[in-house]
Amino acid sequence: MRILQTGDWHIGSFKGPERNGVNLRSLDTQRCLGDMVHVAETDRPDLALVCGDIFDRAELWQGRSHKEVLQARHIIMALSNCCGKVIVMRGTPNHDSAEAFEELQAHFELVPNVEIIVTPQVIQTEQFDIAVLPGFDRGTFRTQHPGFGKEEEHEVLTKELANMVIGLRAQCRPDKKCILMSHYTIPGCNTESGQVMMLTQFEPVLLPESLMAAGYDLVAMGHIHRPQKMPNLDNCYYSGAINSITFADEGQERGFWIHECTLAGWHSTFHQTSYREFVTFRFTDTDITAINLGNLDDVAFNWWRYNGGVQDRIVRILYTCSYENSKALNTVLLEKALYGDGAFYVAGILPEKVEEAANRNDLSNTTDPEENLRQYLADKQYTEEQIQELVLKARPVIAQAEASMSLSAGTGTFEPVEIEVRNYRNYVEEHFSFEDISFCTINGQNGAGKSSLFMDAIIDCLYEKPREGELTGWIRN
């Protein structure tokens, strides 16, 4: 018995070249999906599991959304023609909209071997029971359980998912192979950035202990774009994305799995698609100096011409150099060279770090905004006429900003001495002295109280106005 596991198709258009009104990166995704269908036509799987995030963006304008649904329908229908059963599960709501899946459900309603799933349930086939746990709709949960903070919400959702994993397993027939397909993060997985996500505070997760307790024969996951077999879990796989999407995917394989269940056990094979590769070159000040001196060909040979390293790839250059070198760099000439050597798309030529000139004016020496603006424009080599024109346009904005400032602004530097709180937010009692501290970083888990003590409490003491909402905290000076 063969099972095809795929997911994270992200059908859509991405920033890149177009030809005759067609986004060529969307054609890359269609080519990768065609690779998958070709393998399916050869292997004839008994079951095809499509583990969510079929589409890239949920909110689309009319016309384009319909076009992408048509593309998804075409691939699903092709799978249905060569697979015994096809199960397509909704992923996260920000990618897979309810409307798009309603259209898929309507289209495949009379296709007997295709199931379009948006709610948790168990699908039974002759050989398997498939427990389907789609991506979670936070909005629905919040209307049913109002009042939770973000950290508490994540913890509650994680517990709820664990209960659903166990509950769905209990609905499966004891004499059949049981499969879980879902679309969440499992702590310990290798994410796109190569880091390991371990904390439930970031997002609801499927806990490894709940998966082990449930004892599924196969766990087929979507959501994480890096294809992988989960460590310390039997037969638990992330399909990975079908195509590269961003530079976070650089250097990673893309494709899908074919799992084969035999009397000897499970055997899994990863099939790589013909995905478009991303590549980043990090230029040094020496490289930028050479380009500015007219030696672009030498730099190009050292970085990519010696091995054809940009051919048909999506390329970006990040550079570190002096301020003077950055100003002199002809990015248009560099971009032309990349395209001339076969780059599919140049995503950007951007400074990663530019060392400021030692003799640049220090704008902190004056507190007058208009004078600061003049110095900034002069440093950017604007003419005196242009500077005068821009200053005249800026005066109403400066006046409005100054009118809204506290009367105490600009009278001196705010230097905290100590902060003490009792029964404040998540602190029973805490004291902190700033003595002998000139610079520091404050680190800790989400919800530990970093912002409560070092932002909210200070602002509350001074202005009786703590921050409201998310990421809106501020401290004057």
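In which sense do strand β10 and strand β12 pair, and over how many bridges? I looked this up first. β10 (residues 218-222) and β12 (residues 236-238) run parallel to each other, paired over three bridges. Two strands count as paired if DSSP finds at least two bridges between them. Helices (H or I, at least four residues) and strands (E, at least two) are DSSP runs, numbered from the N terminus.

**Ground rules.** I am reading a predicted model, where local features need pLDDT of at least 70 and side-chain atom pairs count only at pLDDT 80 or more, while totals for chains, interfaces and linings use all residues. Residues are numbered from 1 along each chain as its sequence is written, and side-chain values use heavy atoms, with hydrogens and water left out.

**Confidence.** I checked pLDDT, the predictor's confidence in each residue, from 0 to 100. The chain mean is 85, and 85% of residues reach 70 or more. Residues 194-201 fall below 50; beyond near neighbours in sequence, this stretch has 25 contacts in the model. Residues 469-477 are also below 50, with 17 such contacts. Contact means heavy atoms within 4.5 Å.

**The sheet.** I went back to β10 and β12. They belong to an open sheet of six strands, in the order β7-β8-β9-β10-β12-β11, with mixed pairing. Y237 has a charge over its ring: the charged end of K229 sits 5.9 Å from the ring centre. My test for this is NZ of Lys or CZ of Arg within 6 Å of the ring centre and within 35 degrees of the ring normal. R276 does likewise over the ring of F344, at 3.6 Å from its centre.

**The cores.** I then traced nonpolar cores: buried Ala, Val, Leu, Ile, Met, Phe, Trp, Tyr and Cys residues joined through side-chain atoms within 4.5 Å. Buried means under 20% relative accessible area, exposed over 50%, partly exposed in between (1.4 Å probe, protein chains only). The largest core has 34 residues; W9, M36, I54, F55, L79 and L104 have the most contacts inside it. Elements that each supply at least two of its residues include α1 (24-43), α2 (64-80), α3 (98-107) and β13 (255-262). Apart from this core lies another, of 24 residues, among them V122, A131, C189 and A214. I listed the contacts of F55 beyond four places in sequence; they include H10, I11, V69, F101 and L104.

**Aromatic pairs.** I count rings of Phe, Tyr and Trp (its six-membered ring) as paired if their centres lie within 6.5 Å; planes under 30 degrees apart are stacked, over 60 edge-to-face, the rest tilted. The whole structure holds ten pairs. F247 and F278 are edge-to-face, 4.8 Å centre to centre, with 75 degrees between the planes. F247 lies in the loop between β12 and β13, and F278 in β15 (residues 278-283), 31 residues apart. F247 counts as buried because its relative accessibility is 18%. F278 is buried too, at 6%. F281 and W304 are tilted, at 5.6 Å and 35 degrees. F281 is in β15 and W304 in α8 (residues 296-305). Both are buried. Ring pairs link F281, F283, W303 and W304 into a cluster.

**One serine.** Is S452 buried or exposed? S452 is buried, because its relative accessible area is 12%. Its helix is α13 (residues 450-463). Beyond four places in sequence, S452 contacts Y424, R425, N426, Y427 and A457.
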